[in-house]
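Here is a friendly walk through one model, written for someone who likes cut-offs spelled out. Please keep the viewer open as you read.

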Amino acid sequence: MRRRTFCKSTVAAAVAATLPGCSSDDRPADVGSLISAISADGAELSLESASVAELADSLAGRLFLQADAGYDAARQVWNGMFDEKRPAMIVQCTAVEDVVHAVTFARERGLLLSVKCGGHSLPGKSTSDGGLMIDLSQMHSVDVDADAMQLRADGGSLLGHIDGAASAHNTMTTTGIVSHTGAGGFTLGGGFGRTDRKMGLAIDNLLAATVVTASGDVVRASADENPDLFWGLRGGGGNFGIATEFVYRLHPFNPTVYGGTLIYRFDRDFLDFYAELHETLPDEANIEPSFVPGEDGKTIALVEVVWCGDHAAGEKNLAPMLANPGLVSGELAPFPYHDIQTAADGALGHGKQYYLKSSFLKELTPEAADVIIEFANRGAVGSWFQHLGGATSRIAADATAYAHRDVAFNFGIMYFGEDPAQNETKIAAVREYYKAMEPHMAGFYTNLNDDDEKKTWGNYGENYPRLVKLKNRYDPTNLFRLNANIRPDV
Ligand SMILES: Cc1cc2nc3c(=O)[nH]c(=O)nc-3n(C[C@H](O)[C@H](O)[C@H](O)COP(=O)(O)OP(=O)(O)OC[C@H]3O[C@@H](n4cnc5c(N)ncnc54)[C@H](O)[C@@H]3O)c2cc1C
């Protein structure tokens, strides 16, 4: 750590009192020589201030303790439901070596470790009370090699960084629907987006990653280097290490897409129409209805339409959407892809109260439609479809750790609001709706669903034993456990 930062750190100040150049005035009255923290198993730990100071001194980035200026900003995560969590320390990395030092520090002491990229974890797994948070948010440089059609992104990049760099070269790779989502969690869990039916999931475009493993080794994973690890990274989440770099395949892309937002009457006819339409649409079409209250409070179907291909072909293929008698308003036209990729950034901004459950549907059956009609009309919470299929389905279930290749949709049920007093009622409403949908669903997306461990393991299907073997090899003590966790069995 740079010496000035070291003196700003409360615990470091305790040690610094003995060092030339840092006055004992830097030392807060209540700081002793130990820092309270929590072990991976939840036991109380005491960290020696000298070892923390040594860690801080080794960093190109910064180390924050709870009393430090900058700690509160660094600890923030997206979901306001977890805003009260306070890690014992935060290592804000600016170099791969910082990640190595922080991982080594946590492993040697059995410290609870969390990893934050964009901080979007719905269940708040990028933070903890009393653990060490590795904050990658300052590592976000992105470069494009237009000749090789590849994009390299640091492990702390946001999706907006990737979109911006790719579209500047009239290229794209699949990213998600909100630009402040982190590439780290997004990619390692699968990575759905508006281009996935055409280009595949983010993991289908991942060509290589650099990972700091639990042992502190820096390992390259690709089809040629450590292919087993590369397989596990594509859907196994943060279980095997901290990705400090991703390399993605780029596709030619016109940053002006065709589409728009259409509003339909929300009724059974609409759901039947959507189910049939899905069967006929080419990969370029991404059609995602949300069921939300309209201006008069009654539920509407708000349908986002993106066609990422030739505009004339889009007009032709999407004409049935405009001819549907349930259409209330809206039009389809060319528009900048960037507009839709950032449209929800504010509504789904940081610090609100969020709760979500989601699951996959192989098809939209009449029985599932009955449930949606009943619960969406209650208006208690919103629900929506993410359109899958297309290129995402033309990959074998065992080709990547992510196994759900045979599904047509992801169906999400979500509450968000500003008032924590509403949480209990709204969470209950999400769970009730989800429970009714569950018989019609087929597994879930670990990036969007917080479920008990056994369900998470079962969700990997036949890929699970191979994931456990990888976990045994790369993280035998389960250092990386704040995630959709795969338990080692060694
Ligand atoms: C508003 C919003 C919109 C979303 N939209 C989409 C979408 O369109 N498509 C989609 O597929 N998903 C979407 N998601 C889900 C999203 O993919 C997950 O929430 C994902 O975990 C977010 O990644 P993050 O890096 O921001 O999260 P963080 O909270 O920073 O990290 C979550 C977990 O990912 C792991 N992790 C993060 N970075 C790294 C890294 N570099 N190396 C190793 N492990 C790491 C850690 O285990 C960490 O606990 C959305 C989520 C939100 C909140």
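Strand β15 (residues 285-293) is joined to β16 by nine bridges, and the two run antiparallel. Strands here are DSSP runs of E with at least two residues, helices are runs of H or I with at least four residues, and both are numbered from the N terminus. Two strands count as paired if DSSP finds at least two bridges between them. This is a predicted model, in which local features need pLDDT of at least 70, side-chain atom pairs count only at pLDDT 80 or more, and totals for chains, interfaces and linings use all residues. Residues are numbered from 1 along each chain as its sequence is written, and side-chain values use heavy atoms, with hydrogens and water left out.

Within this pair, F291 stands opposite A301 in β16. β15 and β16 make a hairpin with five residues between them, and G297 in that turn has a positive phi of about 90°. Strand β14 (residues 256-265) also pairs with β16, through eight antiparallel bridges, and L262 faces V303 of β16 there. How many of the nine residues of β16 (residues 299-307) are buried? Eight of them are, where buried means under 20% relative accessible area, exposed over 50% and partly exposed in between (1.4 Å probe, protein chains only).

Next comes an open sheet of five strands, in the order β7-β8-β12-β10-β11 with antiparallel pairing. Its edge strands are β7 and β11 (218-222), each pairing on one side only. From one strand to the next, the twist averages 15°. Helix α6 packs on this sheet and touches β7, β8 and β12; the direction of α6 makes about 30° with that of β7. Axes are lines fitted to C-alpha atoms, for helices over the stretch in contact, and angles run from 0 to 180 degrees between N-to-C directions. Inside the sheet, β10 (residues 206-212) and β12 pair over six antiparallel bridges, with L206 opposite Y248 in β12.

In α6 (residues 159-167), the buried residues are L159, I162, D163, A165 and A166. Their cover includes β8 (150-154), α7 (183-189) and α13 (337-342), judged by contact, meaning heavy atoms within 4.5 Å.

Now to the ligand. Of the 33 residues around the ligand, C117, G119, S126, G182 and Y445 come nearest; a residue is near if one of its heavy atoms lies within 4 Å. β5 (113-116), α7 and β12 each supply at least two residues of this shell, and α7 gives the largest share, four residues.

| Residue (backbone atom) | Ligand atom | Distance |
|---|---|---|
| H120 | oxygen | 3.1 Å |
| S121 | oxygen | 2.8 Å |
| F192 | nitrogen | 2.8 Å |

Taken alone, the ligand exposes 940 Å², and the protein buries 95% of that. Accessible areas come from the Shrake-Rupley method with a 1.4 Å probe; for residues, only the protein chains shown count as cover.

Finally, T127 is found in the loop between β5 and β6 (132-135). Why does T127 count as buried? Because its relative accessibility is 3%. Leaving aside neighbours within four places in sequence, T127 is in contact with R75, V77, F82, K85, P87, S114, M133 and L482.

Definitions and conventions. A polar contact is a pair of N or O atoms within 3.5 Å; within protein, one must be able to donate a hydrogen and the other to accept it, and residues adjacent in sequence count only if both atoms are side-chain atoms.
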